[in-house]
Amino acid sequence: GAIVERMRFGPYLAFISIWVLVVYAPVCHWVWGGGWIANLGGGSGALDYAGGTVVHINAAAAAVVAARMLGSRRDYGAKALLPHNVPFTLLGAGLLWFGWFGFNAGSALVADEGAALAFVNTMLAPSAAITIWLLLDLRHTGRTTAIGLATGLVVGLVAITPAAGFIGPIYALLLGAIAAVPCYYGIMWRSRTSLDDSLDVAAAHGGGGITG
């Protein structure tokens with residue numbers, strides 16, 4: 001997402017293959033394999049239900065590095081680079097939300113109360129994040145947008161990922177609402193820098209994952 005429109009498919013496949021082995025797999029072990037992150041807090045362990053650290057913070061760091069290494073798109077900073085197909089964006093966001101139920105609830109590895117809790121929280125946290133995101137849009141621009149809705153949705157999904165099976169529904173709503181704020185202002189800040197993060201992976205996934 002961070003380097004869309006400026007990397008050929010072959011080099012991208014090579015990058016992803018190396019990244020999975022050299023970066024993703026070790027972090028998986030640190031968090032879920034009894035590594036040092038799993039043992040933080042004097043042995044009580046760090047909690048990451050479905051990959052807030054392993055997937056989202058990890059990917060956000062890679063996104064920043066990849067975007068910096070490749071440089072910005074040709075027209076970045078010279079003109080507004082707007083989404084060209086908003087209905088497809090919303091369709092993609094809806095499919096993503098639907099798939100995320102399997103991603104979070106499926107991390108229980110069994111159909112039990114924990115999986116049901118993760119499923120419910122995966123509905124509630126993004127709903128709250130969307131609400132706060134649209135209110136922030138209204139405050140800063142005087143209008144709401146479909147792209148803002150889709151972005152708030154992703155932020156809520158990311159934020160609930162590490163906590164999906166550990167907190168109750170009321171706290172899932174609160175977490176989604178809280179996560180929208182730093183991610184919203186993170187995207188605003190990024191837009192004023194030279195970092196061409198095409199889909200704001202650093203702010204949405206990094207900020208959402210850290211908040212979660």
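Buried means under 20% relative accessible area, exposed over 50%, and partly exposed in between (1.4 Å probe, protein chains only). Helices (H or I, at least four residues) and strands (E, at least two) are DSSP runs, numbered from the N terminus. This is a predicted model, in which local features need pLDDT of at least 70 and side-chain atom pairs count only at pLDDT 80 or more, while totals for chains, interfaces and linings use all residues. Residues are numbered from 1 along each chain as its sequence is written, and side-chain values use heavy atoms, with hydrogens and water left out.

**The whole chain**

Zoom out. The chain has seven helices and zero strands. Its C-alpha atoms fill a box of roughly 50 × 40 × 30 Å along the principal axes. The radius of gyration, taken over C-alpha atoms, is compared with a globule rule of 2.2 Å times the number of residues to the power 0.38. For 212 residues a compact globule would come out near 17 Å, and the chain agrees at 17 Å. Of these residues, 38% count as buried. Contact means heavy atoms within 4.5 Å. Among contacts with a separation of 6 or more, 74% join residues 24 or more positions apart.

**The cores**

Select Y49, W133, V155, I160, A164 and L175. In the largest nonpolar core, which has 21 residues, these touch the most other members. Two or more core residues come from each of α4 (113-141), α5 (146-160), α6 (169-190) and α7 (201-211). Helix α6 gives the largest share, seven residues. A nonpolar core is a set of buried Ala, Val, Leu, Ile, Met, Phe, Trp, Tyr and Cys residues joined through side-chain atoms within 4.5 Å.

Centre on L175. Leaving aside residues up to four places away in sequence, L175 touches A159, I160, A163, I167, T211 and G212. Then pick F101, L134, V154 and V158, which are among the eleven residues of a second, separate core.

**The surface side of α6**

Select I170, Y171, L173, L174 and I178. They make a nonpolar surface patch of about 520 Å². Patches use residues with over 30% relative accessible area and no salt bridge; like charges are joined within 9 Å, and nonpolar side chains (Val, Leu, Ile, Met, Phe, Trp, Tyr) within 5 Å. L173 sits in α6. L173 counts as partly exposed because its relative accessibility is 32%.

**The salt-bridge network**

A salt bridge is a side-chain nitrogen of Lys or Arg within 4 Å of a carboxyl oxygen of Asp or Glu. The structure holds four.

Which residue pairs with E5? Select R73: the two side chains meet at 3.0 Å, N to O. R73 lies in the loop between α2 and α3 (86-105), and E5 in the segment before α1 (9-32), 68 residues apart. E5 is exposed at 66%, whereas R73 is buried at 16%.

Move to D196. D196 bridges to R6, with the closest N and O atoms 3.6 Å apart. D196 is in the loop between α6 and α7 and R6 in the segment before α1, so this pair ties together parts 190 residues apart in sequence. Both D196 and R6 are buried.

D196 also bridges to R73, at 2.8 Å between the closest N and O atoms. That pair links the α6-α7 loop with the α2-α3 loop, 123 residues apart. To finish, select E5, R6, R73 and D196 together: salt bridges with shared partners join them into one network.

Terms used:
Accessible areas come from the Shrake-Rupley method with a 1.4 Å probe; for residues, only the protein chains shown count as cover.
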